[in-house]
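Please keep the sequence and the structure in view while reading.

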Amino acid sequence: METSPPTPDPGGLRRDFSALAPEPGPPSFEWLLGRLGAGGRRQRLLLALSCLPCLLLGLGLGSEALFTLTPPLCCRQPNGTQLPMNDTDVCRDPRCQGWDYGGLPALTSNPVTEWSLVCSRGWAVPLEQLCFLLGFVAGALVLGHLADSVGRRGTLLLALALGCPAGILAAFAASPSVFMLGRCLWGALLGGMQLALYLICLELCCPPQRLPVAMAGDLLMVGGHFLLLGLALACGSWRVLQGVMSAGLGLCLLYGCPGVFPESPRWLLTTRRTTQAREILVTLAQDSSTQESETQEALDELDNACHLPAVAQISLRALLGCRNIWKNILILGFTTFIAHAIRHCYQMAWGPSQGPRAEFYLSYLLSTGSAGLACLFLCLSVDRYGRRGILLLTTTLTGIASLILLGLEEYLNHAAVVTFSILGLFSSHAAGSLSIFFASEVIPTIIRGKGLGVILSLASLGGLSAPLLWLREQHGSFLQHIVLASLNILALLCLMLLPESKRKALPESLRDGELYRRPSLLRRAGGGESRGAEEATRRDDVPLLSTPNPVS
């Protein structure tokens with residue numbers, strides 16, 4: 001008979017979790033899911049419903065590129081002639097009475113053309129990008145804390161309910177300042193929505209399902225980026241496009257109907273809301289193919305755990321004492337930040353194209369296409385070679401592409417520069433996506449919302465490098481690329497300190513998270529008799545890059 005891991009530990013600061021006996025608690029969620037609903041029709045339906053809103057996330061996150069694009073412009077002079085901006089510095093020409101804009105890709109107008117956010121008012125464009133990304137940071141942090149307090153479902157419904165009016169506010173904005181406020185709120189609620197969906201998808205899966213489901217959500221986000229171009233062509237106006245995306249969030253509020261989209265049963269078990277978890281797991285068991293004896297055994301285990309007291313709130317002192325958990329979060333957060341910050345450096349290496357419209361489509365489609373290929377690569381390789389090995393590979397490829405572009409760009413032809421830029425985009429997308437997924441597996445359920453919120457906020461902070469460089473009028477781009485490439489090498493060294501989570505059960509309590517580690521790289525652990533059986537299963541004793549499939 002399988003034994004179940006312990007459930008959340010409410011206690012104070014503990015320096016040695018392995019020396020403590022596990023507290024009694026509900027049975028392991030993996031054990032329950034295997035006997036009640038793994039692979040059943042109801043579980044597959046819930047996973048599909050969890051991934052479907054990622055299409056709207058792709059639309060919302062990709063719209064920033066269309067809304068902040070500055071088209072080619074010409075100075076309108078008193079005599080009726082037009083002076084192209086490329087011919088001279090027309091921003092300082094006192095004879096300019098207005099601007100005539102060239103064609104935008106996909107849209108007929110955007111906030112830049114509607115409010116003439118060029119020349120002396122051009123600072124408003126990167127400022128709007130900063131507001132959107134900082135809003136995403138705030139939303140991921142605040143709603144991540146809320147997800148651990150009130151639940152994943154409640155956080156998702158709150159983000160959907162507030163995201164719809166925030167998007168409408170941006171769509172009907174009468175001035176750039178109101179538009180920035182609406183987009184900041186919109187970004188905050190998109191951050192909370194992405195976090196809640198990621199948590200629900202991950203926590204409803206058994207170990208073999210986690211990677212395919214997570215990559216399916218990422219591919220739907222990539223599909224949303226591609227769909228955005230067609231939707232923009234159909235809408236024409238940026239206001240209509242923003243309104244359509246907001247209406248999509250409002251439609252997702254149907255998830256709040258009773259019985260349609262339940263709370264995460266793993267989170268309910270971890271917080272010892274056993275009665276509510278039992279009701280959800282019973283519905284999963286109705287459509288599964290498990291034997292009746294196994295189902296009844298699992299339900300009996302749940303009934304025995306219903307009398308357990310609720311978990312006390314985790315104190316800040318206890319959280320700060322979890323050194324191994326913080327180590328994993330900081331390493332993966334640092335890797336996520338570098339992977340997202342370095343992407344625009346590869347897009348700048350392409351150089352000017354045949355026209356602004358062609359340049360936009362080339363940059364947008366290559367970036368989105370490389371993200372899709374990265375998701376497919378991760379789906380095919382990570383379960384075979386392990387999370388840590390593939391993360392080391394993709395981070396190494398990112399560094400190689402950066403070093404070649406920094407040192408040899410002037411000696412390479414245009415085709416070679418584009419090839420290495422695409423390689424850098426591909427590997428950075430893969431490293432960023434895998435870092436987020438890896439972090440969600442090693443952070444315990446009891447604080448997974450807070451931890452994943454930190455990771456997603458660092459990813460958004462990495463994206464700030466592009467608008468900050470724009471504010472400096474592209475000065476210092478080469479130095480910025482050198483700094484990011486150097487930090488990428490540092491991240492590569494830190495990755496060897498991470499455990500391997502391939503096909504392992506998710507940690508539930510702080511104690512589980514502290515035991516989820518690899519041995520020291522400098523010395524082997526002591527005798528096996530001094531370690532508990534649970535710690536032995538949590539430790540990562542495999543070689544660095546060799547991660548054989550566990551014996552079933």
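Accessible areas come from the Shrake-Rupley method, which uses a 1.4 Å probe. By that method, the protein chain in this predicted model exposes about 23,200 Å², of which carbon and sulfur atoms supply 64%.

**The whole chain**
- The protein chain is built with 23 helices and three strands, and 54% of its 552 residues count as buried.

**Helices H7 and H9**
- Helix H7, covering residues 176-203, and helix H9, covering residues 238-251, have axes that come within 13 Å and cross at roughly 35 degrees, and the crossing in which H7 passes H9 is left-handed.
- On the H7 side, Phe-179, Arg-183, Trp-186 and Met-193 take part in the meeting of these helices, while H9 contributes Trp-238, Gln-242, Met-245, Ser-246 and Leu-249.

**A nonpolar patch on the surface**
- Leu-316, Leu-320, Trp-326 and Leu-330 together form a nonpolar patch on the surface, with about 430 Å² of accessible area between them.
- At least two residues of this nonpolar patch come from each of two helices, namely H13 (316-320) and H14 (323-341).
- Leu-320, which is found in helix H13, has a relative accessible area of 53% and therefore counts as exposed, since the cut-off for exposed is over 50%.

Notes. Residues numbered from 1 in each chain as written. Predicted model: local features only at pLDDT ≥ 70, side-chain atom pairs only at ≥ 80, totals over all residues. Heavy atoms only, no water. Patch = residues over 30% accessible without salt bridge, like charges linked within 9 Å, V, L, I, M, F, W, Y side chains within 5 Å. Salt bridge = Lys/Arg side-chain N within 4 Å of Asp/Glu carboxyl O. Helix = DSSP H or I, 4+ residues; strand = E, 2+ residues; numbered from the N terminus. Buried < 20%, exposed > 50% of the residue type's maximum accessible area, 1.4 Å probe, protein only. Axes fitted to C-alpha atoms, helices over the stretch in contact; angles between N-to-C directions. Left-handed = near helix turned anticlockwise from the far one by under 90°. Contact = heavy atoms within 4.5 Å.
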